[in-house]
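Reader: I would like to learn how to read the surroundings of a side chain and its charged pairs. Please take me through the general idea of each feature and then the case at hand.

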Amino acid sequence: MNIAMHRILLIILCFMLGTSAYADGEYDKLDALIEQSDKITTERINYIKTIRQQLLTPGLTGRQCYEICSRLYTEYASFKFDSALVYSDRLLRYAERTNDRDCRNEALIKKAHIHSLAGLFTEAKEILEHIKEEELDRDLLVSYYEAWNLQLTLMSEFSSHTVIHERYSAEALEYKKKILKIASPDSYLYKSTQAAVMSSANKNREALNFFEPYLSEWETNEHEYAMIASNIASYYEQIGDRENCKKYLIMSAMADIESATKETQALRKLASLLFEEGDVERAYRYLNISIDEANFYGTRLRNSQASELIPEIQKVYAANKEAQSRHIRIQMAVLTVIALLLIVGVVIIGKLLRRYRDMNKQVYKMSQKLNDAVEDLQQANGQMREGNKLKDEYISRFLELSSTIIDRADVQHKFQNRLAREKKMDELYSELKSNAFIAECTKIFYENFDGAFLNIYPNFVSDVNELLVSDGKIIPKQGERLTTELRILALIRLGIQDNSKISSILRSSITTIYTYRSKLKARAKDRENFEELVKMIGVYE
């Protein structure tokens, strides 16, 4: 009996050592990939540039431009939010130019998708509510249901520990069931949705049996591999298997790095588990990397989730510091007694004191880094609040402008009716020939446009002048905020490049607009890339 027990203990010990070795080896692989992350990111940026160059090919049709922009949107969707948003808008413009209803609906679904990933749930909902289900074929209907499912799932995730969490989860489940009714059983969406439905019914082992084998059908550098591994990790977490949960989170994080994906959560979840287990140094490093990835992607959703870990980090730091301090105090007390008997004890105590000071320095440095991270997150939250404030201001400005023009149009209409009623035809004809009313409304529009635009980009004029040669800079006149040239560049910065649209907005001829743009390029330091540089003003502020 004793021999059998010893064998069992030996087997358990070997298994534990093997598991630890596996974990250490996988962490080493993950750390090695993290070192290569910048190189992989640069390679993806260069690859995207090659796709973007295709848009410069002469003679492209609207449909061809739509297809290229669709590829760019797909590349940016999990890589860079603001660029994905730009190409979702371009997709919509090309779809409207080609007058293709399916393309337009597809572009709207993509735009709603990217808004949901950024946490802009209200905007995403408004877009989806304007799409008519009866106009969608099966593939678009699947994408439409998936867009609703993504939004509601993220809203449920973002509202965890609140009373509305369950409502969003239930609504998301309904869309998952709709997907399963029409999606192809062999598709990634069908399989991931089926596993999610199983998990929502607390059938996590069944979900693992169904979904885990599917991972082998994907390469480790594919975005789908990362998402599948992340979902498998969550199912293991639900059944309490932390080791397998960490294993698949590591696999997901490695796939995210290999595919240069920035809209991620595997590394953040892994950091949370490591903090709970006391692996503070590694967890702190992974959390900082996940925050950097979220900042690169350019939205606040993942950063807000990371901020929830900050109190846990502080708690762990405080507990570790107290435990280490208590341990060292006991050692010092013991060594002090021994020092009375052995002179060499004095040397040992000195070493321990140096070790204690070094530890305090390290803890202090880590605490400083943590405080910096907290300040960054607080600044991010402040920017979100400022963004909401600006949004309210611009809505009010738009309403005020619309009301003012409507009031003035009403007054003008009543005045002309009175002239007609009193049969003052000469005065009426003179009034109708006059463009004073249009000029006044145009002036009001310019004032509101200038004010609103400069509130968003307060340094726009100086930034434009930085792109122009010294004798070609634009200096607005006294009392003038933007010149016609600056307004043209402002519209280009807002994504409006078509001369006919610019001329319509600014009430100038197309020839005038073309002439202004040509002269501006002639005065630019970099004539070839001048307008592209204008589009980048304010992007990284």
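Reader: Which residues does E485 touch, not counting residues up to four places away in sequence?

Author: Contact means heavy atoms within 4.5 Å, and by that criterion E485 touches I474, Y516, L520 and R523 once residues up to four places away in sequence are set aside. This is a predicted model, in which local features need pLDDT of at least 70 and side-chain atom pairs count only at pLDDT 80 or more, while totals for chains, interfaces and linings use all residues. Residues are numbered from 1 along each chain as its sequence is written, and side-chain values use heavy atoms, with hydrogens and water left out.

Reader: What joins the side chains of E485 and R523?

Author: A polar contact is a pair of N or O atoms within 3.5 Å; within protein, one must be able to donate a hydrogen and the other to accept it, and residues adjacent in sequence count only if both atoms are side-chain atoms. Here a polar contact of 2.6 Å joins the two side chains, E485 and R523.

Reader: Does E485 count as buried or exposed?

Author: Buried means under 20% relative accessible area, exposed over 50%, and partly exposed in between, with a 1.4 Å probe and protein chains only. E485 has 14% relative accessibility, so it counts as buried; for the protein chain of 541 residues, the buried share is 41%.

Reader: Where in the secondary structure is E485 found?

Author: Helices (H or I, at least four residues) and strands (E, at least two) are DSSP runs, numbered from the N terminus. E485 lies in helix 21, residues 484–493, and the protein chain has 24 helices and 0 strands.

Reader: How many salt bridges does the structure hold?

Author: A salt bridge is a side-chain nitrogen of Lys or Arg within 4 Å of a carboxyl oxygen of Asp or Glu, and the structure holds 20 of them. One of these pairs E26 with K29, whose closest N and O atoms are 3.3 Å apart. Both residues belong to helix 1 (residues 2–35) and are 3 residues apart, which means that about one helical turn separates them. E26 is buried at 11% relative accessibility, whereas K29 is partly exposed at 47%.

Reader: Which residue meets R242 in a salt bridge?

Author: The partner is E277, at 3.5 Å from N to O. This pair links distant parts of the chain, with R242 in helix 12 (residues 242–258) and E277 in helix 13 (residues 266–277), 35 residues apart. R242, E243, K246, E276 and E277 are linked in a network of salt bridges.
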